[in-house]
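My entries follow in the order in which I looked.

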Amino acid sequence: MQIELHGRQRCHYQLANPWSQPLGRIADYLRPILLDPQSYVVHENARLVTDRLVGVSRRRRIVEETLHLQEMGPRQRQSIRLRSLLPAQERIPGAVCSLVDARQWSDSYFHWFIDCLPRLIAAADHARSTGEIPLVIVPARLRPWQAESLGLLGIHTQRLIHHRSVRNGGLAVRRMIATVSHRWQRLGDAPFDALSPWAIGKLRDLFSAAPGVPAGSGPRRLYLSRRGVPNRQVTNEEDVMAVLSPHGFVAVQPETLAVAAQIALFRDATHIVAPHGASLTNLLHARQGSLLELFQEHHGVRPEFFQLAKINGLDYLHALCPSAGCGQHIHIDPKVLDDYLETTL
């Protein structure tokens with residue numbers, strides 16, 4: 001049974017960048033695009049097979065929603081279908097929603113929030129319409145920020161099934177709730193990594209309403225430092241802060257904060273300057289202002305945070321910066337910051 005959550009969405013993002021910079025994959029979004037309807041399917045008597053938890057329906061068809069951007073050849077698909085005929089390792093009598101898929105990217109902060117957690121929207125809709133509360137399959141070891149995010153969304157520990165090695169015929173599931181990641185487009189004319197404004201807004205509002213998210217009292221102008229990560233550190237961060245600090249910018253390392261604190265920080269920010277990196281996933285919670293995203297030369301100009309900024313109403317600017325330190329790090333020209341401040345303040 002297929003349930004539609006939201007119809008087709010038309011998106012047309014615009015960009016006004018003061019620099020003549022390569023657009024990279026952002027260019028794919030500067031034309032009107034059409035996103036597929038947001039929906040989910042409830043598969044009765046399905047299987048989750050192999051350690052990658054690939055779904056197989058009762059009719060032995062691969063459940064495409066469990067693959068997430070992963071193509072499989074005919075031989076792989078046949079092998080998975082045959083394994084689903086073997087005796088089940090375990091039977092789960094109720095409904096299940098899996099946050100683990102074939103890519104197994106769930107340990108990434110970005111992929112956890114943008115690819116995994118939106119699946120809970122479908123699980124919540126199933127609970128509302130049927131009264132059946134789905135169990136949720138999560139990684140074997142939850143990182144603190146994963147556990148906190150689930151708690152903020154009201155997913156209590158007793159609902160969790162921790163992923164473990166799956167043998168033979170895998171898991172037999174009475175009802176499997178299968179929903180595509182909202183940035184997985186195989187139909188329509190949207191780029192494959194297009195974000196659904198509806199799903200982003202839904203997830204943002206759920207986090208914003210969560211108990212435990214503090215009222216805003218932090219800095220409004222943020223510089224996101226990568227000092228604590230191994231790559232794309234800014235080699236001239238002192239020069240960067242010499243430009244930004246007089247205008248009220250504060251350097252923060254979001255990964256050192258609890259999820260609830262990060263939500264409050266980005267929700268109330270009016271100006272954000274940051275090298276490209278996972279901490280910008282918190283744009284999910286932003287609601288105003290502007291973003292300057294700084295890309296490293298040769299790393300590629302990517303569209304994920306451009307989309308998040310535009311969906312949430314932020315002005316978006318980006319600049320390409322030279323690599324430094326054997327190509328592992330980034331050097332920011334202070335003139336780029338001066339131009340940004342002149343444009344936005």
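I began with E237, which is buried, with a relative accessible area of 8% (buried means under 20% relative accessible area, exposed over 50%, and partly exposed in between, with a 1.4 Å probe and protein chains only). This is a predicted model, in which local features need pLDDT of at least 70 and side-chain atom pairs count only at pLDDT 80 or more, while totals for chains, interfaces and linings use all residues. I kept in mind that residues are numbered from 1 along each chain as its sequence is written, and that side-chain values use heavy atoms, with hydrogens and water left out.

I found that E237 forms a salt bridge with R227, the closest N and O atoms being 2.4 Å apart (a salt bridge is a side-chain nitrogen of Lys or Arg within 4 Å of a carboxyl oxygen of Asp or Glu). R227 lies in the loop between strand 11 (221-224) and helix 6 (237-244), and E237 in helix 6, so the pair ties together parts that are 10 residues apart in sequence. Helices (H or I, at least four residues) and strands (E, at least two) are DSSP runs, numbered from the N terminus. R227 counts as exposed, at 56% relative accessibility.

I then counted 14 salt bridges in the structure. One of them joins the side chains of E44 and R174 at 2.5 Å, N to O, and this pair links distant parts of the chain, with E44 in strand 4 (residues 38-49) and R174 in strand 10 (residues 171-179), 130 residues apart. E44 is partly exposed at 28% relative accessible area, and R174 is partly exposed at 33%. I noted that E44, E132, R174 and R175 are linked in a network of salt bridges.

Next I looked at where helix 4 (residues 144-152) and helix 7 (residues 259-268) meet: their axes come within 9 Å and cross at roughly 70 degrees. Axes are lines fitted to C-alpha atoms, for helices over the stretch in contact, and angles run from 0 to 180 degrees between N-to-C directions. W145, E148 and L152 of helix 4 make the contact with V259, A260 and I263 of helix 7 (contact means heavy atoms within 4.5 Å).

Last, I checked L117, which, leaving aside its neighbours within four places in sequence, is in contact with L99, W112, S149, L150, L153, L203 and F207.
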